[in-house]
Amino acid sequence: MEKIIEREHTDSKTFSDFGADKPPIERDARGVWHVRGYVQAKTILLGETLQAGFSSELARQMPVRITSPVLFQDGPEHREQRSQIAKFFTPTATQQQHLPVMEKYADRLIAEFINRRGGDLNKVTAQMALAVAGDVVGLTNSDRLKMANRLNAILHGDMNFGMSSPKQVWSYLKVQWNMLWFYLKDVRPAIRARKRAPQQDVISHLISKGRTGPEILIECITYGAAGMATTQEFICLAAWQMLQNEELKNEYLQGDQETRYHVLHELLRLDPVVAHLLRRAKADLMVGSAGTQVTIPAGALIDLHLNEVNADARAAGAEPLKINPHRSMEKGIPRSVMGFGGGPHRCVGEFVALAESDVFLQRLLRVQGLKIEREPDVLRNENIKGFELRNFMLTID
Ligand code: HEM
């Protein structure tokens with residue numbers, strides 16, 4: 001059997017189950033295809049598939065017909081929407097428009113953190129990530145802290161609801177209630193303000209395209225999941241790794257932007273915040289594996305295991321389970337491999353996420369006497385299919 005990983009010690013903080021005997025692609029008893037090889041994952045992401053992650057299949061079953069958010073779209077409709085929103089996420093927009101906001105929030109949050117002599121880092125990074133995602137999207141007309149709580153309640157709601165038991169009906173009502181509250185308190189004020197005075201952000205763009213309030217609400221929740229929850233956890237992960245690895249921390253703090261970004265990509269590669277991408281085959285898909293071709297039939301669900309894909313030595317090179325920001329990568333393979341996804345749905349917010357993480361981490365890791373008081377609990381978030389780091393207590397001597 002073709003192996004993708006040799007079992008060895010791993011520097012990953014959130015995943016240790018790298019199997020030496022797992023094949024690059026296999027079908028389980030329920031008919032779900034599991035993909036752990038880089039080449040196979042890339043073929044699938046570039047093939048004829050439909051987005052099946054982030055509760056998108058549930059959203060497609062909704063009785064009301066609304067225009068889906070970019071993450072849930074596929075094909076020409078998706079390409080069109082991506083090209084329209086790209087301008088909010090370019091390196092230039094990130095530098096000129098979003099960087100000043102990032103610096104302002106990072107300065108304020110770190111100053112408060114120093115005053116308190118530490119605290120739970122995850123709560124601070126939630127505020128940072130929300131402020132930045134809110135700025136890019138245009139959710140800037142309500143209290144940030146309260147908005148963070150409202151969005152968190154939605155992102156941690158049980159989205160696998162049905163109507164067959166009182167518990168499921170209760171989950172459904174709870175999610176609906178949280179969404180209504182978020183709409184009334186945060187989204188509607190932002191829409192009203194932008195109808196009066198449009199700005200350079202996603203909500204203004206959606207209004208100009210005639211999108212309705214509920215459509216803008218769903219789009220905002222998607223950005224909350226895709227942009228806020230991810231960056232909040234990634235910054236914590238990077239801080240955790242660097243606070244326990246003096247050499248890496250020094251290299252990061254003393255390096256130029258390219259060096260610092262290499263460190264961040266490498267940490268994301270080893271601990272991808274979105275750990276699974278889900279797709280449904282739209283047509284039969286031919287995927288090469290171990291010198292043969294397997295056919296994934298149309299309609300089958302495909303689960304891409306990014307921890308293993310990112311540790312496939314054919315993409316990441318030698319000792320793929322170790323941290324090495326200097327690793328030599330094959331031409332054309334991103335340094336975080338699929339940490340930001342791949343193919344048409346590849347993360348549109350990558351530049352924003354890297355800049356924001358870098359701005360925050362540079363300030364945090366320079367705090368004199370900063371140390372870990374309690375390592376975080378590693379939990380799972382089923383909505384983004386990734387990890388969450390909770391109760392990560394830092395202190396300042
Ligand atoms: C470290 C932080 C981040 C990570 C690890 C991350 C990861 C990802 C991944 C893996 C995908 C692909 C999902 C798929 O193919 O099913 C994705 C898509 C997306 N991300 Fe990010 N992301 C981050 C930050 C952000 C930020 C800051 C924003 C915006 C403010 C953002 C907005 C999006 C959007 C809109 C999509 C959907 C793109 C599409 O479907 O065309 N992300 N992200």
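**Burial and overall form.** I looked up burial first: 42% of the 397 residues of the protein count as buried. I note that this is a predicted model. I then checked the radius of gyration, which is 21 Å. A compact globule of 397 residues would have a value near 21 Å, so the protein agrees with that. Along the principal axes, the C-alpha atoms fill a box of roughly 60 × 55 × 45 Å. I also looked at contacts between residues at least 6 apart in sequence, and 69% of these join residues at least 24 apart.

**Secondary structure.** I list 14 helices and twelve strands for the protein.

**The five-stranded sheet.** I traced an open sheet with the strand order S1-S2-S8-S5-S3 and found mixed pairing. Strands S1 (25-27) and S3 (49-51) are at the edges; each has a single partner strand, so one side of each has no neighbour in the sheet. On average, neighbouring strands of this sheet are turned by 30 degrees against each other, direction ignored. I followed S1 to its partner S2 (residues 33-35): the two pair in the antiparallel sense over three bridges. Glu26 has His34 in S2 as its bridge partner.

**Around the ligand.** I found 26 residues around the ligand, of which Gly227, Gly341, His345, Cys347 and Gly349 come nearest. Helices H5 (121-137), H9 (213-243) and H14 (350-365) are the elements that give two or more residues to this shell. H9 has the largest share, with six residues. By residue type, I sorted the shell into 16 nonpolar, nine polar and one charged.

Note on methods: Residues are numbered from 1 along each chain as its sequence is written. This is a predicted model: local features need pLDDT of at least 70, side-chain atom pairs count only at pLDDT 80 or more; totals for chains, interfaces and linings use all residues. Two strands pair if DSSP finds at least two bridges between them. Helices (H or I, at least four residues) and strands (E, at least two) are DSSP runs, numbered from the N terminus. Axes are lines fitted to C-alpha atoms, for helices over the stretch in contact, and angles run from 0 to 180 degrees between N-to-C directions. A residue is near a molecule or strand if its C-beta atom, placed from the backbone, lies within 6 Å of it. Ala, Val, Leu, Ile, Met, Phe, Trp, Tyr, Cys and Pro count as nonpolar, Asp, Glu, Lys and Arg as charged, and the others, Gly among them, as polar. The radius of gyration is taken over C-alpha atoms; the globule rule is 2.2 Å times the number of residues to the power 0.38. A residue is buried if 20 or more other C-beta atoms lie within 10 Å of its own, exposed if 12 or fewer, and partly exposed in between; C-beta atoms are placed from the backbone. Two residues are in contact if their C-beta atoms, placed from the backbone, lie within 7 Å.
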